[in-house]
Amino acid sequence: MNRRRFIWQKAQAQSGLPDGYTAVDYLQSSGAQWIEMGVAPNQNTKAVLKIKINDFNSVMGGSLIGSRTDLNSDDQFFTYLDDSGGTRFLFRVDGQTKAISWKGLTTDKIYIVTLSGTEMKAELEDGTAVFSKTFSVPDFTSTVTMALFKSKSDNIDKGFRGRIYSCKHYSGDELIQDFVPYLDTNGVPCMFDLVSRKSFYNKGNGSFMWG
């Protein structure tokens with residue numbers, strides 16, 4: 001076995017992916033591709049995502065992760081990015097009268113974002129803190145399961161325009177989903193959940209890009 005093949009196989013083993021799957025750094029959406037997570041959020045939901053924003057979509061904005069039943073619903077774990085009055089990332093959970101607003105994001109940085117029923121925070125790859133806000137919300141359980149690369153049940157064209165490198169999904173302190181990007185045995189870009197050992201494919205239009 002040559003050295004390059006050995007290194008590739010070792011990387012595959014360390015990634016936790018099944019044989020024949022190829023690990024990649026990220027999946028990238030144009031705003032029309034998204035993943036069905038299959039779990040409804042509640043007050044204990046926490047998501048930790050590593051992302052890079054490509055476009056804030058000044059016409060419509062776009063959502064990174066979450067769900068809600070309608071615009072003013074209390075039944076929500078909802079995100080929204082746009083450039084209204086400057087770039088901003090909005091996050092709203094059931095029981096809040098208005099969204100938390102993180103302003104001043106850029107398209108030239110990779111962010112690690114934490115979203116939960118008690119806090120919204122963000123840092124750079126080197127650990128530099130760029131935003132932090134704590135709060136509390138009442139107990140709730142959404143009637144809509146969450147999506148990744150958008151928030152259900154919003155229009156499919158209002159999805160996140162950028163890259164997701166990873167997404168860890170918790171219920172309290174319990175890790176329930178651990179999404180990593182990969183190419184399946186047919187070369188199709190998808191997310192693999194290291195917890196359930198299941199593949200999650202694009203539910204939208206077109207195809208994810210990857211890198």
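These are my notebook entries on one predicted model.

**Entry 1: ground rules**

I worked on a predicted model, where local features need pLDDT of at least 70, side-chain atom pairs count only at pLDDT 80 or more, and totals for chains, interfaces and linings use all residues. Residues are numbered from 1 along each chain as its sequence is written, and side-chain values use heavy atoms, with hydrogens and water left out.

**Entry 2: overall fold**

I looked up the secondary structure and found one helix and 17 strands in the chain. Helices (H or I, at least four residues) and strands (E, at least two) are DSSP runs, numbered from the N terminus.

I then checked the radius of gyration, taken over C-alpha atoms, against the globule rule of 2.2 Å times the number of residues to the power 0.38. For 211 residues a compact globule would come out near 17 Å, and the chain has 17 Å, so the two agree. Along the principal axes, the C-alpha atoms fill a box of roughly 60 × 35 × 35 Å.

Next I looked at contacts, meaning heavy atoms within 4.5 Å. Of those between residues at least 6 apart in sequence, 62% join residues at least 24 apart.

**Entry 3: surface and charge**

Buried residues account for 48% of the 211 in the chain. Buried means under 20% relative accessible area, exposed over 50%, and partly exposed in between (1.4 Å probe, protein chains only). The chain exposes about 10,100 Å², of which carbon and sulfur atoms supply 47%; the areas come from the Shrake-Rupley method with a 1.4 Å probe.

I found 24 positive and 23 negative side chains, with the centres of the two sets 5 Å apart. Lys and Arg count as positive and Asp and Glu as negative, while His and the chain ends are not counted. Each charge is placed at NZ of Lys, CZ of Arg, CG of Asp or CD of Glu.

**Entry 4: aromatic pairs**

I searched the whole structure and got 12 aromatic pairs. Rings of Phe, Tyr and Trp (its six-membered ring) pair if their centres lie within 6.5 Å; planes under 30 degrees apart count as stacked, over 60 as edge-to-face and the rest as tilted.

One of the pairs is tyrosine 21 with phenylalanine 192, edge-to-face, at 5.9 Å centre to centre and 90 degrees between the planes. Tyrosine 21 sits in the loop between α1 (3–15) and β1 (22–23) and phenylalanine 192 in strand β15 (residues 189–193), so this pair ties together parts 171 residues apart in sequence. Tyrosine 21 and phenylalanine 192 are both buried.

Another is phenylalanine 149 with phenylalanine 208, tilted, at 4.8 Å and 45 degrees. Phenylalanine 149 is in the loop between β12 (147–148) and β13 (161–171) and phenylalanine 208 in the loop between β16 (198–200) and β17 (209–210), 59 residues apart. Both are buried.

I also noted one aromatic cluster, formed by Phe89, Trp102, Tyr111 and Phe131.

**Entry 5: single residues**

Which residues other than glycine did I note with a positive phi? Phenylalanine 149 has a phi of about 80 degrees, and its relative accessible area is 0%. Arginine 197 has a phi near 60 degrees. Arginine 197 lies in the loop between β15 and β16 and is partly exposed, at 45% relative accessible area.

Last, I looked up alanine 23, which lies in strand β1 and is partly exposed at 37%. Alanine 23 and aspartate 184 are 161 residues apart in sequence, with 9.0 Å from C-alpha to C-alpha.
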